[in-house]
Amino acid sequence: MAQPVLTISRLAKRFGPVQALGEVDFTLEQGEIHALLGVNGAGKSTFIKILSGVYTKDEGTIEIDGRSVEFRSPRDAIAHGVAAVQQHPELVGDLTGYENIFLGMEGGRRGFWSRIDRASMRRRADALLARFPVEIDLSRRVSSLSVVEREIVAILQALSRENIRVLILDEPTSTLTEVEKGVLFRLMAHLRAFGISIIYITHRLEEVMEIVDRLTVFRGGRRITTMSVEAARAEGVTLAELMLGETLDHVYPPRREDAGAGEVVFSVEGLRLPGVLDNIRFDVRRGEIVGVFGLVGSGLDELSKVLFGAMGPAEGKMRLGGREIAPRTPREALANGIFLVPGDRRTEGLTLSQASVFNMTLANLGKASGLAGLLRRGRNRRASAALAEKVTLHPPLLDRAVSDFSGGNQQKIVVAKGLFAGADLYIFVEPTVGVDIGARSRLYGLMRDLAESAAVIVMSSDCDEVHGLSDRTFALYKGRQIGQPSGDITRGRLLAAGIMGSLH
Amino acid sequence: MTATSRLPSGFYRVLAFLALVAAVVAIFALIEPRYLSMRNLTAVTRHMAANGLAALGLTFVVVVRKYDLSFPGIASFAAMTIGFLIAGGYSLGAAIAAGLGVGIAVGLVNGFAVAYGRLPDIVTTIATGSIVGGMAFLYTGGRTIFQNFMTSGLIDLNDIRFLGLNASFYFLIAIYGVAYLVLHHSRFGASFRAAGENPVSAHLSGIPVRLYTMGAFAVCAATAVLAVVLILAESGTADTNEGANFLMPAYAAVFLGAALLGGASIPATLAGTALITILLDGFSLLGVPYYYSDGVVSLILLAGVVLFDERLRREAAFLMTFLGFGRKIGETHP
């Protein structure tokens with residue numbers, strides 16, 4: 001085989017005490033599509049950010065065509081022929097496709113006074129399109145284009161510098177439909193035929209089988225293995241095991257022996273929201289935690305919002321404590337006894353500039369106030385202090401603005417808010433994103449305590465977390481439920497269900 | 001629970017504010033000794049009552065992170081409504097109630113359009129403010145109303161005094177006390193503040209965010225009407241542009257107060273009102289034309305914002321260019 005386009009050896013990157021990437025060797029052949037696989041935090045993002053010049057490496061070498069290069073900025077990387085398309089490409093909605101492609105280099109010249117030469121821009125874009133035939137009307141405004149058309153504009157933008165040989169695509173399909181994915185894959189095949197090499201990041205194994213030549217698995221900041229797609233097909237589910245590695249069992253509180261034996265506290269049947277969720281059906285029993293695993297785009301966040309009345313209305317039946325409920329707003333859901341710990345605590349769960357006591361009492365102001373709606377200050381402070389102690393808030397300062405707490409402690413404040421509100425069903429979405437290991441363990445303990453008296457559902461894109469914490473689990477894949485909640489499903493099969501859409 | 005109660009930074013902010021007031025008073029007193037007379041003190045407190053009421057409702061709108069530019073128009077319309085009813089022989093109470101009614105109705109329209117219709121707040125309130133400002137002309141075709149003002153008891157509101165100060169000042173303090181309890185110590189205030197800072201989190205906490213946003217516009221309209229009642233009582237006549245002088249002082253009071261005390265709050269607006277009124281009154285005592293004094297006050301607001309609060313810089317800079325200088329240019333070329 002010819003010389004690889006890109007050869008990386010012993011690449012390493014450290015953020016403070018965290019070794020994000022270590023001893024990574026990697027080669028990219030000319031004209032291949034190479035997938036990077038790995039769970040969240042495996043090091044894929046760090047790797048491609050170094051490759052595209054966003055981060056600088058601590059150690060190791062990067063060679064292009066056998067010559068060693070140093071990337072100090074994305075501009076360096078582009079000058080050497082490496083371009084990245086972000087997961088959510090930053091395009092200017094009010095400009096046309098043409099204008100976006102040549103943004104910042106109109107007329108081929110830089111500078112404030114350089115004239116925008118529409119004719120030459122169009123000629124060059126058409127030349128680009130002649131090389132990479134896709135059906136797209138570039139004279140339309142980007143804001144009127146579909147998701148896949150925007151992705152294509154972003155790819156053409158990356159390729160508008162003619163020296164580009166390596167293209168990095170970061171999860172481009174997470175929000176695409178099947179038809180749209182076909183369009184993207186055809187373009188990728190064209191690029192490959194043209195000798196351009198593509199590094200393709202995805203969570204979805206079945207796509208990997210469809211389009212890529214080779215794949216590399218990352219785990220814990222290391223490269224675990226690289227193999228051809230044929231070899232991967234033969235491996236099957238064990239590929240999922242490769243991505244997961246060892247469990248951190250000591251982080252999770254012990255499961256109950258008699259999981260699934262208590263009476264049903266919460267159940268949903270035939271839950272359906274067109275285009276988002278399809279026929280979801282499960283129940284949660286007293287004393288257990290039910291876990292739902294799903295990737296971005298699986299409908300996980302949407303499911304939590306539908307259950308909480310923040311999205312919908314959806315078809316189907318929900319029963320909580322024997323009563324049929326149909327919350328249309330979060331206010332009604334709270335009144336029905338449901339509390340949501342939302343996936344993005346900073347934008348959805350907290351009022352950041354306000355004190356912790358303000359946030360803890362916010363979801364049940366009726367309980368927090370008395371005559372004429374005046375807040376019962378002393379009582380609320382005592383209750384909040386008790387909650388701070390229960391969730392081990394550190395430091396336990398009631399008047400401190402929430403923004404001054406660490407991520408883990410902010411999440412504890414959201415949990416305390418839920419405890420103050422008092423619910424029969426607690427839904428946790430991505431409960432430990434940006435939470436350190438000590439606080440994680442404490443949060444898991446709290447969720448386990450909650451399950452004693454209430455129903456608890458955990459939804460996460462961290463397969464380990466869902467499997468380690470829950471008594472029964474199932475996966476969500478593109479809005480479909482994969483399997484019924486079960487305590488027997490293995491970690492590898494749960495991951496496979498979430499990334500391939502089947503249990504086998 | 002509020003930013004102002006957080007010692008020691010809040011404590012130093014209050015000290016800095018008091019020092020600033022003392023410095024301003026000292027400068028005016030040096031130039032014009034009459035500034036410290038009882039008569040001037042009465043005038044300052046009377047003006048403070050009207051400005052403070054207009055700024056009070058605006059505080060609620062700013063807390064829910066919106067802007068209302070319609071309240072001067074609402075005040076003018078309410079003034080003419082009240083004047084027309086008094087001239088028509090209705091009782092003072094009925095006239096004021098009617099003025100409040102039409103004002104709050106317009107405020108609810110603003111709030112509904114912004115909160116439920118998702119229209120842009122600034123554009124919407126400029127439009128509604130212009131419309132009702134125009135409707136103020138409908139009663140008399142633009143002529144001043146004064147009939148029955150003497151006998152209705154309206155003028156008496158201006159003349160009642162206690163310990164040398166106008167009743168309106170005590171009314172101001174009382175209504176600020178109520179507003180303080182509502183905004184900073186009640187569940188409703190917690191809802192206003194949560195809805196303003198993070199509407200998504202507030203919605204997920206069960207707070208009817210749109211209802212509170214609409215409510216803030218209604219409160220703003222109501223206090224603007226109360227403010228214009230004091231102006232009617234003082235002047236003894238109702239004019240078609242009676243509310244026009246509220247805009248700059250009210251915005252200056254809210255934003256200067258927020259800059260001084262570290263965030264929009266009822267005490268901050270009171271502090272801002274005090275400072276702005278002291279300044280405007282001092283300039284008028286020195287015989288400085290209002291089109292200069294407004295500019296100076298606007299400059300001081302900008303300086304205060306830049307010095308005290310980085311976060312508010314952008315918003316206030318935009319608004320003051322718009323209000324302070326926009327108005328000056330408009331009125332020197334009629």
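Predicted model: local features only at pLDDT ≥ 70, side-chain atom pairs only at ≥ 80, totals over all residues.
B:E32 is buried, with a relative accessible area of 17%, which puts it under the 20% cut-off for that label.

B:E32 is buried, with a relative accessible area of 17%. Across all chains, a search of the whole structure turns up 23 salt bridges, and a handful of them get a closer look below.

**Salt bridges in chain A**

- Side chains of opposite charge can pair when their charged atoms come close.
- A:R286 and A:E263 make one such pair, with their side chains meeting in a salt bridge at 3.0 Å, N to O.
- A:R286 sits in the loop between β12 (277–285) and β13 (289–294) of chain A, and A:E263 in the loop between α9 (238–244) and β11 (264–273), so this pair ties together parts that are 23 residues apart in sequence.
- Buried or exposed, or in between: where does A:R286 fall? At 32% relative accessibility, A:R286 counts as partly exposed.
- A:E263 also counts as partly exposed, at 45% relative accessibility.
- A second pair, A:R448 and A:D471, has side chains that meet in a salt bridge at 2.9 Å, N to O.
- This pair links distant parts of the chain, 23 residues apart: A:R448 belongs to helix α17 (residues 437–453) of chain A, while A:D471 is in the loop between α18 (463–469) and β19 (472–477).
- Both A:R448 and A:D471 are buried.
- There's a network of salt bridges too, linking A:D283, A:R285, A:E288 and A:R472.

**Chain A as a whole**

- Chain A has 19 helices and 20 strands.
- With a radius of gyration of 25 Å, close to the 23 Å that the globule rule gives for 504 residues, chain A is as compact as a globular protein of that length.
- The C-alpha trace of chain A spans about 70 × 55 × 45 Å along its principal axes.
- Of the 504 residues in chain A, 54% are buried.
- If you take the contacts in chain A between residues at least 6 apart in sequence, 67% of them join residues at least 24 apart.
- Chain A has an accessible surface of about 21,400 Å², and 50% of that belongs to carbon and sulfur atoms.
- On the charge side, chain A carries 63 positive and 61 negative charges, and their mean positions are 5 Å apart.

**Helix α1 of chain A**

- Helix α1 of chain A covers residues 44–51 and is mostly covered itself, with six of its eight residues buried.
- Which residues of α1(A) are buried? They are A:K44, A:T46, A:F47, A:I48, A:I50 and A:L51.
- Just after α1(A) comes A:G53, which takes a positive phi of about 85°.

**Chain B as a whole**

- Chain B's secondary structure comes to 15 helices and two strands.
- Buried residues account for 54% of the 334 residues of chain B.
- For contacts in chain B with a separation of 6 or more, 79% are between residues 24 or more positions apart.

Technical notes
Residues numbered from 1 in each chain as written. Chains lettered and ligands numbered in written order. Heavy atoms only, no water. Helix = DSSP H or I, 4+ residues; strand = E, 2+ residues; numbered from the N terminus. Rg over C-alpha atoms; globule rule 2.2 N^0.38 Å. Buried < 20%, exposed > 50% of the residue type's maximum accessible area, 1.4 Å probe, protein only. Contact = heavy atoms within 4.5 Å. Areas by Shrake-Rupley, 256 points an atom, 1.4 Å probe, with all protein chains shown as cover. Lys, Arg positive; Asp, Glu negative; His and termini not counted. Charge placed at Lys NZ, Arg CZ, Asp CG, Glu CD. Salt bridge = Lys/Arg side-chain N within 4 Å of Asp/Glu carboxyl O.
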